[in-house]
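Student: Could you take me closely through the aromatic rings of this protein, and explain the terms as you go?

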Amino acid sequence: MLLQHPIYPLIITFFTLFLVIIQSIQSEKVLKNRLILAFFNITIAVMVFVIYESMIIGNSMYENIYVGFNFFVYFVFLLVLYSTFKTATLKANHYQLFVKSIKNSRWNAYYVVDAKERVRDMSSSLLHELNLEKEDIIGKKFFSVLNKSIRFTKFNGNDINNRALENYFLEYKENAKAGDSEVQELTFLNFDGNPVILHMVMQPVYALGKYKGRICVGEKKTDFDLLAVEKELNDRSTELESIRHKFIATLQISEEGLFYIDLDERTIWASDALVRMLNLPGNTLDLTDFRRMIEAEDLKKYLALIGDLSINKKQYSTSYRIMVNNRYMWFKEKGIRLFEDQHSAVIMGTLNPMKTKHYLASNIDELDKLKDHNEMMVSMNKLFKDNRYFQLVLIRLKNMPKINETHGREVGNMLMAEYIKKLRTTFVTESGDIFRVSGIEFAITITDPRKMDVLANGIKSNKTFLNLTMQYGSISAELEVFAGIAIGGSDAHDEHQLYQASLQALKIAENPQFSAHGCYYKDIVS
């Protein structure tokens, strides 16, 4: 009773395949699983069509299977049909919402053309400039419609005519790629001869990798005075945005300590470099809290200087001591009060540590790039805070003035540089360092116990262990070196005490009655 000729399910399977292809076009991708199922159904339907008369008719089991297959084919067809109809309806609603949103926004102009440059849709705002109805243009060549009503005069700021623009769009479809987006500014004279400007964004439409047309959405402008003002505002906005990005980039790469003070809000903003220099808790601080870090007498002079600033004296430069890691360091501040800003009271400037080196540059990196006394104190403070076991070795190159006098400062600098290089190789590890305290005084922080043993055993076994003899051509010179060593944690509990301990040990080592050139502070207090 339910048997029907196999031509019907075969036709249904082909209809199913057609709908799956439609769905793929709607989804803009190949629906592999659905296509496989559709081709599978066609294959079975063709096979059933061939063997229907000879094998299925009269065989009750095959007939039941055939009936079940028919139901399956019709079920798949109805399911695909429903899915296709639902997708088509949804896309139609989306398009209507898209058109409605354009009408209600400043993006009040759009048009859609297919792969053959035939108009598929156009906004009422553009139709108004053409003095045409939508029924007059749908399905017609885009430029055959435009050439009757309007004349293009400019394209992206360059002079152009209708023919040149038509050729441009014909070439566009040959070169366009999926995902492309192009911003255009078109100027034309409408049907009344009045100038109109279109700011458009053009994108190609692709389906299954094939070019299907293009869509342009944008804004129509007819008030040229207002347009000129808007253009100037956009240019200024772009310029300000460029300045903002350059300023941010400057802050990111600058090693200067930069700041600005908002006197109205009583806050100070510090750059990352300044935050690192002063060990601040963050980039923005309360101005009163920040100024508490300045030494009291220096702060009085600083506030008096800031109070004297006027429109005729906007810039200033001063130096003062500021608390960093529980000790005062000298900083130099240069700034300017921005009186031009009528909306806020702002001071901008730089704040950087002052160089405390009191010796001539040697033009030898090994010497000139050594950290100074202040940086030594900061480094030791960190080692104490980290509960590191370390030794401070204070070294004096006793006969360096005599070498400079005999052989010249150039030889003396080369000798010192070579000596520092050997010290670094022998005693300094990752968390240790070498510092130049004065012209002929250097300090080493040793953190590796093995290096400490090398120093102790060397001083114990050889009185002149720290000396260095060098040969420069015919010049032979021996560097006479004395050292005072203090141990962090046992000899002292902060960097200032430790430095004084090593200095006392150095004075003992320099005493002619002392048996070695190196002395440990623990040996003179025990």
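Tutor: A residue is called buried when its relative accessible area is under 20%, exposed when that area is over 50%, and partly exposed in between, using a 1.4 Å probe and the protein chains only. By that rule, 42% of the 526 residues of the protein count as buried. The model is a predicted one, in which local features need pLDDT of at least 70 and side-chain atom pairs count only at pLDDT 80 or more, whereas totals for chains, interfaces and linings use all residues. Residues are numbered from 1 along each chain as its sequence is written, and side-chain values use heavy atoms, with hydrogens and water left out.

Rings of Phe, Tyr and Trp (its six-membered ring) pair if their centres lie within 6.5 Å, and planes under 30 degrees apart count as stacked, over 60 as edge-to-face and the rest as tilted. The whole structure holds 10 aromatic pairs. The pair of Tyr111 and Phe142 is stacked, because the ring centres are 4.5 Å apart and the planes stand at 20 degrees. Tyr111 belongs to strand β1 (residues 109–114) and Phe142 to helix α6 (residues 142–149), so this pair ties together parts that are 31 residues apart in sequence; helices (H or I, at least four residues) and strands (E, at least two) are DSSP runs, numbered from the N terminus. Tyr111 and Phe142 are both buried.

Ring pairs also link Tyr111 and Phe142 with Phe143, Phe152, Phe155, Tyr168, Phe169 and Phe188 into a cluster. Over the ring of Phe169 sits the charged end of Arg214, 3.9 Å from the ring centre, where the criterion is NZ of Lys or CZ of Arg within 6 Å of the ring centre and within 35 degrees of the ring normal.
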